[in-house]
Amino acid sequence: MWSPEREAEALAGGDPAGLLPPEWEEDEERMSFLFSAFKRSREVNSTDWDSKMGFWAPLVLSHSRRQGVVRLRLRDLQEAFQRKGSVPLGLATVLQDLLRRGELQRESDFMASVDSSWISWGVGVFLLKPLKWTLSNVLGENKVPAEEVLVAVELLKEKAEEMYRLYQNSPLSSHPVVALSELSSLCANSCLDERTFYLVLLQLQKEKRVTVLEQNGEKIVKFARGPHAKVSPVNDVDVGVYQLMQSEQLLSRKVESLSQEAERCKEEARRACREGKKQLALRSLKAKQRTEKRIEALHAKLDTVQGILDRICASQTDQMVFNAYQAGVGALKLSMKDVTVEKAESLVDQIQELCDTQDEVSQTLAGGVTNGLDFDSEELEKELDILLQDTTKEPLDLPDNPNETFYTNSVPNPRNSDAELEAELEKLSLSEGGLVPSSKSPKRQLEPTL
């Protein structure tokens with residue numbers, strides 16, 4: 001938990017060992033240059049200016065990240081970066097440049113940047129007033145007082161994301177509201193001091209991811225349901241849920257206390273029996289039974305409260321589903337608002353008409369291939385039948401040479417005998433390269449070719 005000692009330790013930053021570059025211990029000439037003050041203007045020597053700024057600016061931010069702090073002070077940085085008794089003379093210029101670039105922000109300016117409606121709950125001892133009127137206004141905007149607190153903007157955003165993640169991964173996320181004290185305990189290891197805790201919480205409020213309300217003297221925090229969602233204002237349902245949660249905790253603590261009392265009565269009865277004090281033992285057992293009955297009654301009430309909380313949680317889920325359905329119906333109505341049955345029927349008729357027109361065009365184009373000649377399909381069929389009948393009646397036109405084989409439709413003439421087929425086969429075999437005739441084939445004398 002937070003304490004003044006812990007806050008002082010966090011602000012001081014401690015030893016920056018492990019963050020320092022190699023030349024810190026090895027290069028005396030380089031470190032002497034880096035520890036010297038900046039020139040009044042960068043235009044005097046831009047190379048030296050940029051070299052120093054390139055060394056110190058990242059070192060300041062990495063030192064803060066390593067220490068887990070988001071709040072910086074010039075005095076603390078000067079103490080953290082002492083070397084052999086020397087203090088860096090240009091750190092104030094470095095902080096001014098980081099402020100100019102928006103990587104740092106004055107704590108008071110950050111408070112003033114948060115809308116007043118989001119910090120109406122107040123911050124107690126955090127800050128008296130989020131005023132932009134600070135020492136820097138007295139000394140001039142180009143001066144950074146040694147005691148003024150600056151905020152590392154990017155580190156603060158990282159801490160805010162870490163707080164939201166801790167809440168989402170904890171049992172507290174079962175309900176949208178949580179006591180500020182419980183949230184502080186949950187983030188004790190992440191936020192090293194009370195001021196950092198409030199800064200992180202204000203960053204989440206600035207991002208509209210949490211809202212804070214004071215109820216019966218205690219502050220409660222409501223988180224957004226999703227990592228990219230915006231939190232809604234605290235309503236009566238949230239307050240009712242918070243009160244039920246408080247009742248649940250009170251009943252649980254009471255049950256635990258009574259359980260310890262019942263166990264104590266049981267031990268007293270056991271001890272009285274060992275000492276032979278029967279009446280005392282009976283009284284202790286009666287007290288134990290009365291306590292157990294009270295525990296049973298409290299358990300019944302606790303179950304009722306927990307049941308109500310579960311129903312509220314379920315109803316919120318049902319509401320989300322209902323909203324999703326409602327949005328879906330609305331979108332469907334919009335998408336179908338110009339569609340009617342009559343329009344659909346008309347569209348189908350138009351499509352059919354276009355298809356008929358396309359068929360007519362296709363037929364016309366196909367008829368154009370005949371060069372204007374119009375043939376009657378029925379007449380063509382009759383003519384084809386006559387041709388087929390005439391073909392079957394006409395005698396075959398046999399070749400003059402009876403040794404030549406005549407084929408019709410590539411099928412051998414069935415009038416050829418087996419001997420003739422064998423002779424023809426032998427002729428083909430010999431013509432393919434002088435093959436020896438088969439012993440079953442008739443021998444024929446071949447005449448030499450002239």
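Two strands are taken to pair if DSSP finds at least two bridges between them. Helices (H or I, at least four residues) and strands (E, at least two) are DSSP runs, numbered from the N terminus. The model is predicted: local features need pLDDT of at least 70, side-chain atom pairs count only at pLDDT 80 or more, and totals for chains, interfaces and linings use all residues. Residues are numbered from 1 along each chain as its sequence is written, and side-chain values use heavy atoms, with hydrogens and water left out.

Strand β5 (residues 210-215) pairs with β6 in the antiparallel sense, over six bridges. The two strands form a hairpin with two residues between them, and Asn216 in the turn has a positive phi of about 55°. Along this pairing, Leu213 stands opposite Ile220 of β6, and Thr211 stands opposite Lys222 of β6. Strand β6 (residues 218-223) is also joined to strand β4 (residues 177-179), by three bridges and again in antiparallel fashion. Here Ala179 is the residue opposite Ile220.

A further set of strands makes an open sheet of three, in the order β1-β3-β2 and with antiparallel pairing. Its edge strands are β1 (71-72) and β2 (104-106), each of which pairs on one side only. Between β1 and β3 (residues 150-152), which run antiparallel, there are two bridges. Leu72 has Leu150 of β3 as its bridge partner.

Helix packing was described with axes, which are lines fitted to C-alpha atoms, for helices over the stretch in contact, with angles running from 0 to 180 degrees between N-to-C directions. The axes of helix α4 (residues 46-67) and helix α6 (residues 91-101) come within 10 Å and cross at roughly 75°. Helix α4 is therefore roughly perpendicular to α6 (angles under 35 degrees count as roughly parallel, over 145 as roughly antiparallel, 65 to 115 as roughly perpendicular and the rest as oblique). Contact (heavy atoms within 4.5 Å) involves Trp49, Met53, Trp56, Ala57, Val60 and Leu61 of α4, together with Leu91, Thr93, Val94, Leu95, Asp97, Leu98 and Arg101 of α6. By class, these are 10 nonpolar, one polar and two charged residues, where Ala, Val, Leu, Ile, Met, Phe, Trp, Tyr, Cys and Pro count as nonpolar, Asp, Glu, Lys and Arg as charged, and the others, Gly among them, as polar.

For helix α9 (residues 153-168) and helix α11 (residues 194-206), the axes come within 9 Å and cross at roughly 85°. These helices are therefore roughly perpendicular to each other. On the α9 side the contact residues are Leu156, Lys157, Lys159, Ala160, Met163 and Tyr164, and they meet Phe197, Leu199, Val200, Leu201, Gln203 and Leu204 of α11. The contact of α9 with α11 comprises nine nonpolar, one polar and two charged residues.

Helix α12 (residues 236-274) has 39 residues, and at 1.5 Å a residue it should span 57 Å, which agrees with the 57 Å between its end C-alpha atoms. The expected span is 1.5 Å times one less than the number of residues. Just after α12, Gly276 takes a positive phi of about 80°. An unreviewed UniProt entry annotates residues 248-275 as "coiled-coil region"; UniProt positions are given in the numbering used here, feature names are shortened, and annotations may be inferred rather than shown by experiment. Over residues 248-275 the chain is 96% helix and 0% strand, with its end C-alpha atoms 41 Å apart.
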